[in-house]
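Dear colleague,

Please find below the structure that I am handing over to you, together with its sequence. A short account of the findings comes after it.

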Amino acid sequence: MPVLVVIPARFSSSRYPGKPLVALRGASGESRMLIERSWRAAQAVSGVDRVVVATDDARIRDAAEGFDAEVVMTSESCANGTERVAEAVAALGGGFEIVVNLQGDAPLTPPWFIEALVAGLAADPEAEIATPVLRCDGRALAALLADRRAGRVGGTTAVFGKRGHALYFSKEVIPFTGQSYGEDDPTPVFHHVGVYAYRPAALAAYPQWQPGPLEGLEGLEQLRFLERGRPVLCVEVESRGREFWELNNPEDVPRIEAMMARMGLD
């Protein structure tokens with residue numbers, strides 16, 4: 001089953017301009033750009049046939065080619081990462097059964113997250129897109145809630161039914177729980193991991209659909225599938241002792257660097 005991983009990256013982020021080129025210091029003290037760390041995360045996944053960076057910016061292209069990544073240039077009109085991935089796949093000429101969108105702000109994504117995602121989509125013929133979710137412990141939930149109280153989007157949460165099909169995704173912390181949890185206690189909140197696996201036909205159709213009101217309000221691209229009634233599979237993944245966080249805001253840089261130091265990630 002041919003699998004392609006595309007890493008969409010744009011320079012003009014509204015929350016953090018130039019984010020793909022931000023340097024992150026690893027456990028050894030060596031700094032690497034966010035886009036390189038995301039590319040290295042993709043390279044560590046087994047069963048992947050090809051990895052490309054998709055961008056509309058020459059600065060990101062030059063940086064990616066500097067660490068030997070394959071780059072596909074896309075248009076500036078792409079509204080989000082899914083549209084950019086769809087354009088990149090069209091430029092490559094297809095030929096893949098599953099396309100993975102590893103967003104360029106998730107350098108801590110363990111390889112088994114993506115491997116489980118591909119396996120989950122392959123096993124569910126009804127699903128057109130799959131995405132991983134990670135059960136929050138008390139520590140992770142507290143961090144999400146602290147960010148929301150400070151007016152920051154610290155991450156996206158997901159709720160889903162018994163078959164794993166998504167009910168909703170939100171930048172708010174859902175579902176509400178008034179309980180208190182210890183740092184290592186499991187909670188009913190699932191952190192959505194910013195990775196997607198698509199069937200090519202659904203990915204190709206996506207840019208033709210007009211964004212719905214929920215996508216516009218939340219700024220979450222995957223809601224376009226839900227608003228069209230398309231099944232989105234949430235695949236629960238295990239941390240196996242790894243910490244996970246996305247780089248959404250400048251304040252996340254020291255947080256991610258601290259995580260890499262604790263996990264011994266260079």
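This is a predicted model: local features need pLDDT of at least 70, side-chain atom pairs count only at pLDDT 80 or more; totals for chains, interfaces and linings use all residues.

The chain is divided into domain 1, residues 1-110, and domain 2, residues 126-241. Their C-alpha centres are 21 Å apart.

At the interface, 17 residues of domain 1 are in contact with 15 residues of domain 2. Together the two domains bury about 1400 Å² between them, and carbon and sulfur atoms give 56% of that area. On the side of domain 1, Thr82, Val99 and Gln103 supply 32% of the area buried against domain 2, which is more than any other three residues.

As to polar interactions, 9 residue pairs are in polar contact between domain 1 and domain 2, counting pairs with both residues at pLDDT 80 or more. The rule also finds 1 salt bridge across this interface. Elsewhere in the list of side-chain pairs, Glu83 and Arg224 meet in a salt bridge, with an N to O distance of 3.0 Å.

Which elements give two or more residues to the side of domain 1 that touches domain 2? They are the helix α3 (81-92) and the strand β6 (98-102). The largest share comes from α3, with 6 residues.

With kind regards

How values were computed: Residues are numbered from 1 along each chain as its sequence is written. Side-chain values use heavy atoms; hydrogens and water are left out. Domain bounds come from an automatic or database domain assignment. Contact means heavy atoms within 4.5 Å. Buried area is the accessible area (1.4 Å probe) that two parts lose on being put together, summed over both. A salt bridge is a side-chain nitrogen of Lys or Arg within 4 Å of a carboxyl oxygen of Asp or Glu. A polar contact is a pair of N or O atoms within 3.5 Å; within protein, one must be able to donate a hydrogen and the other to accept it, and residues adjacent in sequence count only if both atoms are side-chain atoms. Helices (H or I, at least four residues) and strands (E, at least two) are DSSP runs, numbered from the N terminus.
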